[in-house]
Amino acid sequence: MQTVVLTAHPALETSTVNRQWFDALSQIDGVTTRDLTAVGGAEMRFDPIAEQTVLQAADRVVLQFPFYWYSSPPVLKAWLDQVLLPGFAYGPGGDKMHGKELGVAVSTGGPAESYAASGMNSFPMQVFLSPFEQTAKMLGMRYLPPFVLHSAMSRDPAQVPDSVPAVVNYVTTPLSIAA
Ligand SMILES: Cc1cc2nc3c(=O)[nH]c(=O)nc-3n(C[C@H](O)[C@H](O)[C@H](O)COP(=O)(O)O)c2cc1C
């Protein structure tokens, strides 16, 4: 299985969680990581043909990011807008992502219990992540249950490495084994 991880963090060098995930995933055979901030530069400009070529070689695409204002950092939105074009992702001839898998690996500052109707953030993560779920559906992709690490900021930094094997497992385990 070939997997592409699209990492959307505005400054990986200042990251605690996503940097460690990115570094570990970058070491794995069959996994290609892309730091979208490095690829797109300050203006967040992407070459759609180059990005689409990377996607076409993948069986699974994983979006990896810190949760910012109940969504992803803007570089991922820029990438989606510039790469998922008609004739590739949707519309006539736009079947190039059909049959692939889409996963999401996200870290949040808020604790797990805050993402509930009774909690500070009012809604479960499934609701906040529904644009990605619907994007997968629109593209004919299979949406994987998201991987979420909560309490990313309050966590003892020494414990962050504990999340690395879990995210590696999420990214690399085929559905037939994970099910
Ligand atoms: C601009 C900004 C917005 C954020 N918005 C949220 C949010 O809506 N919900 C939440 O739980 N955490 C939020 N956080 C906390 C981040 O999710 C947290 O710092 C991040 O997951 C840590 O990952 P990192 O170490 O890779 O940067 C926000 C942080 C920043 C800087």
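## Salt bridges

Lysine 96 and aspartate 95 join their side chains in a salt bridge, 3.5 Å from N to O. Here a salt bridge is a side-chain nitrogen of Lys or Arg within 4 Å of a carboxyl oxygen of Asp or Glu. By this rule, there are five salt bridges. The model is predicted: local features need pLDDT of at least 70, side-chain atom pairs count only at pLDDT 80 or more, and totals for chains, interfaces and linings use all residues. Residues are numbered from 1 along each chain as its sequence is written, and side-chain values use heavy atoms, with hydrogens and water left out.

Lysine 96 is partly exposed, at 31% relative accessible area. Aspartate 95 is partly exposed as well, at 42%. The classes are buried (under 20% relative accessible area), exposed (over 50%) and partly exposed (in between), with a 1.4 Å probe and protein chains only.

## Bridges within helices

Arginine 19 bridges to aspartate 23, with 3.1 Å between the closest N and O atoms. These two residues sit in helix H1 (residues 17-26), four residues apart, or about one turn of the helix. Helices (H or I, at least four residues) and strands (E, at least two) are DSSP runs, numbered from the N terminus. Arginine 19 is partly exposed, at 30%. Aspartate 23 is partly exposed, at 32%.

Helix H4 (residues 74-83) holds another such pair, aspartate 81 and lysine 77, four residues and about one helical turn apart. Their closest N and O atoms are 3.1 Å apart, in a salt bridge. Aspartate 81 is partly exposed, with 46% relative accessibility. Lysine 77 is partly exposed, also with 46%. An α-helix has 3.6 residues a turn, so residues three or four places apart point the same way.

## Helix H7 and serine 163

Serine 163 belongs to helix H7 (residues 163-172). Serine 163 is buried, with 8% relative accessibility. Its side chain reaches the backbone oxygen of valine 160 at 2.8 Å. That is a polar contact: a pair of N or O atoms within 3.5 Å; within protein, one must be able to donate a hydrogen and the other to accept it, and residues adjacent in sequence count only if both atoms are side-chain atoms. Serine 163 also touches Trp21, Phe147 and Leu149, leaving out residues up to four places away in sequence. Contact means heavy atoms within 4.5 Å.

The buried residues of H7 are Ser163, Val164, Val167, Val168, Tyr170 and Val171. Down the axis of H7, these buried residues fall within an arc of 160°, so they line one face of the helix. The arc is taken from the directions from the helix axis to the C-beta atoms. The buried residues of H7 pack against strands S1 (3-7), S2 (31-35), S3 (60-66), S4 (101-107) and S6 (147-149), and against H1.

Glutamine 52 lies in helix H3 (residues 48-56). Glutamine 52 counts as buried, at 10% relative accessibility. Beyond residues up to four places away in sequence, glutamine 52 touches Val83, Leu85 and Phe88. The buried residues of H3 are Glu51, Gln52 and Leu55. Down the axis of H3, they fall within an arc of 100°, so they line one face of the helix. Their packing partners are S2, helix H2 (36-40), S3 and H4. At the start of H3, a side-chain oxygen of aspartate 47 comes within 3.1 Å of the backbone nitrogen of isoleucine 49.

Leucine 85 is in the loop between H4 and S4. Leucine 85 is partly exposed, at 29%. Apart from neighbours within four places in sequence, leucine 85 contacts Pro48, Gln52 and Tyr90. From leucine 85 to histidine 150 is 65 residues in sequence and 33 Å in space, C-alpha to C-alpha.

## The ligand site

There are 17 residues around the ligand, and Ser15, Asn18, Phe67, Ser107 and Tyr115 come nearest. A residue counts as near if one of its heavy atoms lies within 4 Å of the molecule.

An oxygen atom of the ligand is 2.9 Å from a polar backbone atom of valine 17. For a polar backbone atom of tyrosine 70, the distance to a ligand oxygen is 2.9 Å. An N or O atom in the side chain of tyrosine 115 is 2.6 Å from an oxygen atom of the ligand. The protein covers 76% of the 640 Å² of accessible area that the ligand has on its own. Accessible areas come from the Shrake-Rupley method with a 1.4 Å probe; for residues, only the protein chains shown count as cover.
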